[in-house]
Amino acid sequence: MRKKIVAGNWKMHKNAEQTEDLLNELIAKVPTDSAAQVIVAPTFINLASAVDHLEFTNIDVAAQNVHQAENGAFTGEISADMLKSVGVTTVILGHSERRAIFHETDALIASKVDTVLAHEMTVIFCFGEELKDRQSNNHFNVVENQLKDGLFHIKAANWEKVVLAYEPVWAIGTGETASPEQAQEMHEFIRETVRKSFGSDVAEDVSILYGGSVKPENAKEIFSKPDVDGGLIGGAALKADDFVAIINAI
């Protein structure tokens with residue numbers, strides 16, 4: 001049975017003191033009996049302290065990225081083994097900002113997926129179309145290709161360590177708005193795409209998160225859709241009350 005998940009991607013926000021303050025707020029406000037698995041993804045330099053801070057809570061910690069190599073002369077990069085050594089067991093890969101700003105290709109993301117899975121860590125695999133793709137009615141093809149090129153090389157058994165996160169890039173900071181119906185339409189397509197390649201058991205068990213500007217005002221309606229299993233939250237994850245409201249919408 002697939003999990004309900006609310007994950008907060010903090011991006012390049014919050015210094016050490018601010019991270020501790022936000023974590024303390026979340027510890028106080030996130031319900032201990034939440035129906036959702038709650039994940040936060042602070043910056044690299046705050047991961048170790050976040051893991052320690054959240055040790056006896058129901059909040060998990062994820063990294064925002066990882067390098068595909070085990071080690072080597074890669075100045076400024078972080079390996080999967082380094083993440084595991086501080087207690088991080090989940091990694092966000094393929095985020096739209098990594099694809100657009102840092103030019104990460106499907107092939108590169110696929111190699112990162114392999115590395116994370118080889119370390120028995122969980123992948124939150126991000127993908128989604130841009131505005132031009134939606135306007136040209138090419139959004140289904142783009143999503144299918146990103147899935148197949150970046151993820152579908154893995155074995156069926158590996159899917160227990162995979163969470164999907166659909167990001168309609170066109171609905172983030174563009175003035176355009178994705179409706180709950182559009183979210184459900186794409187999530188249903190994604191699940192069917194997984195089913196065709198890996199079977200019904202994998203398709204029904206995998207959690208598919210929605211990452212298109214989820215807010216307290218729209219979370220309940222979005223999460224009510226049958227193929228939406230939670231959210232990958234950006235800006236709203238930086239405010240404890242907003243993030244907790246989204247968690248409670250599950």
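Which residues lie nearest the centre of the largest pocket? They are Lys11, Met12, Gln64, Arg98 and Phe102, out of 17 residues that line the pocket.

Before I go on, some ground rules. This is a predicted model, in which local features need pLDDT of at least 70 and side-chain atom pairs count only at pLDDT 80 or more, while totals for chains, interfaces and linings use all residues. Residues are numbered from 1 along each chain as its sequence is written, and side-chain values use heavy atoms, with hydrogens and water left out.

A word on pockets. The search runs on a 1 Å grid over the protein atoms alone; a pocket is an open set of points where a 1.4 Å probe fits, with protein on both sides within 12 Å along at least five of seven lines, and a lining residue has an atom within 4 Å of a point. Grid points are joined across faces, edges and corners, and the volume is the space filled by probe spheres set on the points.

The largest pocket has a volume of about 430 Å³. Helix α4, residues 96-101, gives the most to its lining, with three residues. Helices here are DSSP runs of H or I with at least four residues, strands are runs of E with at least two, and both are numbered from the N terminus. By class, the lining of the largest pocket has eight nonpolar, five polar and four charged residues. Nonpolar covers Ala, Val, Leu, Ile, Met, Phe, Trp, Tyr, Cys and Pro; charged covers Asp, Glu, Lys and Arg; the others, Gly among them, are polar.

Back to Lys11. Lys11 sits in the loop between β1 (5-9) and α1 (16-29), and its phi is near 55 degrees, a positive value. Most residues other than glycine have a negative phi. Lys14 lies in the loop between β1 and α1, and has a positive phi of about 80 degrees. How accessible is Lys14? Lys14 is partly exposed, at 27% relative accessible area, and Lys11 is partly exposed at 24%. The cut-offs, with a 1.4 Å probe and protein chains only, are under 20% for buried, over 50% for exposed, and partly exposed in between.

Next, the second largest pocket, with about 340 Å³ of space. Of the 20 residues that line it, the closest to its centre are Trp159, Glu160, Lys161, Val162 and Asp205. The elements giving two or more residues to this lining are β2 (37-41), β5 (122-127), β6 (162-166) and α9 (200-205), and α9 gives the most, with three. The lining divides into 10 nonpolar, four polar and six charged residues.

Last, strand β6. Five of its five residues are buried: Val162, Leu164 and Tyr166 point one way, and Val163 and Ala165 the other way. Two strands pair if DSSP finds at least two bridges between them. β5 and β6 pair in the parallel sense over five bridges, and Val163 in β6 is the bridge partner of Ile124. β6 and β7 (residues 208-210) also pair in the parallel sense, over three bridges, with Tyr210 in β7 as the bridge partner of Tyr166.
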